[in-house]
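Have a look at the sequence and the 3D structure below. We will walk through parts of the structure together, one step at a time.

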Amino acid sequence: MTLAKQDTQGTLGIDFGTSNSAIAWANPQATAQLIPLEGDALAMPTAVFYNAEDGRTHFGREAITHYLEGTEGRLMRSLKSLLGSPLLMETTLINNQLVNFQDIVTTFLSTLRERATRHVGTAPTRVVMGRPVHFVDDDLARDAQAQASLHQAATAAGFTDITFQLEPIAAALDYERRLTRESTILVADIGGGTSDFTVVRLGPACMHRSDRADDVLATTGVHVGGTDFDQKLSLEQLMPLLGYGHLGPQSREVPNRVFYDLSTWHLINWQYQPKAMAQAKALQTNYTDVHLHTRLMTVLNERYGHHMAHDVEQAKIHSSQTGSESSIDLSYVEAGLTASLGSGDLQQHLAKLLASAVACARECVKRAGLTHGKPDAIYLTGGSSALRTFQQALQAEFAGVPLVEGDLFGGVASGLVYSRH
Ligand SMILES: Nc1ncnc2c1ncn2[C@@H]1O[C@H](COP(=O)(O)OP(=O)(O)OP(=O)(O)O)[C@@H](O)[C@H]1O
Ligand SMILES: [Mg+2]
């Protein structure tokens with residue numbers, strides 16, 4: 001008689017986020033544990049820094065710190081936003097080697113796997129990767145390509161059993177462990193790159209069913225997240241200092257492409273290519289105040305693009321948390337230069353983007369066809385769900401439905417593991 005082969009293998013969950021990544025591990029039937037990635041931190045920025053001074057590669061907070069301290073080298077952020085785009089396969093010269101962005105994603109996943117190995121004691125081969133509802137809006141072919149690229153990177157990183165789960169479903173499976181009675185929940189996962197929603201039936205009785213497909217009543221997602229908020233805030237509050245919206249001779253605006261790209265996390269690096277630099281230099285004749293053009297060229301020559309994006313992001317978080325105005329110190333661009341960002345700016349400049357996220361939530365609830373038209377609660381996860389203006393907009397849409405603030409950065413990774421339990 002042969003015994004059925006027991007599943008003794010553990011599962012790793014990888015939440016490869018636009019801004020932050022987290023990983024969780026569980027042996028069969030055990031509770032998922034988030035794995036510390038940098039010191040005690042259970043999430044780390046999805047950031048890679050190629051140090052040109054000593055040829056080393058740094059990850060996470062360490063990568064960002066090196067860049068901000070002015071170490072010579074290249075910072076890579078928002079890699080996930082390149083999945084599904086032809087830019088993913090473009091090569092770039094890093095420390096005298098030609099690499100493409102697909103390779104950089106592999107390097108990042110390999111590092112997550114190494115850190116998991118150090119913690120767990122064996123190298124994980126089975127992984128559940130998170131994916132947004134849409135990597136790319138309204139383009140099924142590019143969306144499929146994005147998942148295929150992530151699959152390929154996971155294979156190259158050493159995983160052999162690779163499955164995918166929608167990020168908001170993973171977040172729901174994690175939240176479910178805390179519920180004591182059956183409820184219908186709208187899960188809102190508002191991250192760096194996407195806002196994903198799912199209406200799902202959760203509770204202790206459903207939790208042990210192996211197939212949960214019937215409990216997922218609807219999912220929707222839109223390609224709007226914190227990096228889009230940063231882009232908009234940068235355009236409105238910082239880029240005018242470099243000439244965005246500036247009127248040149250004949251009252252014509254300075255061509256604005258460079259300001260958009262310089263405000264977009266995943267496009268910043270392209271602005272430093274020789275061709276883009278030459279185009280920016282040639283913009284000088286479009287300015288009446290050439291002083292603003294000098295600032296633009298300083299930002300490009302000194303590669304301050306990520307620095308400015310980082311400052312806007314920090315100011316956004318600060319204003320959202322405190323309701324007060326932040327002063328952004330831009331003295332690295334020009335002595336005494338500052339910009340400001342207050343909660344009024346968040347309210348005004350983000351209104352349209354937040355409305356599209358709320359519309360996506362409304363559509364999700366509509367598709368779920370709930371008897372009373374409303375979920376029992378809304379579970380908030382993902383860093384951008386902490387944005388006060390977003391919470392206000394969501395509460396206005398679903399009056400009377402309690403908002404539950406969840407784990408901002410770790411819930412998806414844990415839930416990914418539960419989806420293979
Ligand atoms: N307190 C806060 N208030 C507002 N926004 C915040 C706060 N904390 C973090 N953020 C924003 O949250 C975003 C990152 O969230 P998160 O780590 O959940 O995203 P991600 O998982 O990397 O992205 P995605 O799931 O879209 O791929 C960033 O844009 C960051 O600026
Ligand atoms: Mg996320």
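What follows is a short tour of a nonpolar core and then of a sheet.

Before we start, keep in mind that this is a predicted model. In soluble globular proteins, nonpolar side chains tend to be buried together. Here, the largest nonpolar core contains 111 residues. I23, A24, L186, V187, A188 and A361 are the ones with the most contacts inside this core. Helix α11, covering residues 343-368, supplies the largest share of the core, with 10 residues. Where does the core lie? Residues from domain 1 (11-179 + 407-418) and from domain 2 (227-347) both take part, so the core lies between these two domains.

Let us zoom in on A24. Leaving out residues up to four places away in sequence, A24 touches G13, A32, Q33, L34, I35, A413, S414, L416 and V417.

Now turn to the sheet. This is an open sheet made of 3 strands in the order β6-β5-β7, with antiparallel pairing. Strands β6 (57-59) and β7 (73-77) stand at the edges and have a single partner strand each, so one side of each has no neighbour in the sheet. On average, neighbouring strands are turned by 15° against each other, ignoring direction.

Follow β5, residues 47-51, and you will find that this strand pairs with β7 in the antiparallel sense over 5 bridges. Which residue of β7 is the bridge partner of Y50? That partner is R74. Finally, helix α1 (residues 60-68) packs on the sheet and touches β5, β6 and β7. The direction of α1 makes about 50° with that of β5.

Conventions: Residues numbered from 1 in each chain as written. Chains lettered and ligands numbered in written order. Predicted model: local features only at pLDDT ≥ 70, side-chain atom pairs only at ≥ 80, totals over all residues. Core = buried A, V, L, I, M, F, W, Y, C linked by C-beta atoms within 7 Å. Buried ≥ 20, exposed ≤ 12 C-beta atoms within 10 Å, placed from the backbone. Helix = DSSP H or I, 4+ residues; strand = E, 2+ residues; numbered from the N terminus. Domains from an automatic or database assignment. Contact = placed C-beta atoms within 7 Å. Pairing = 2+ DSSP bridges. Axes fitted to C-alpha atoms, helices over the stretch in contact; angles between N-to-C directions.
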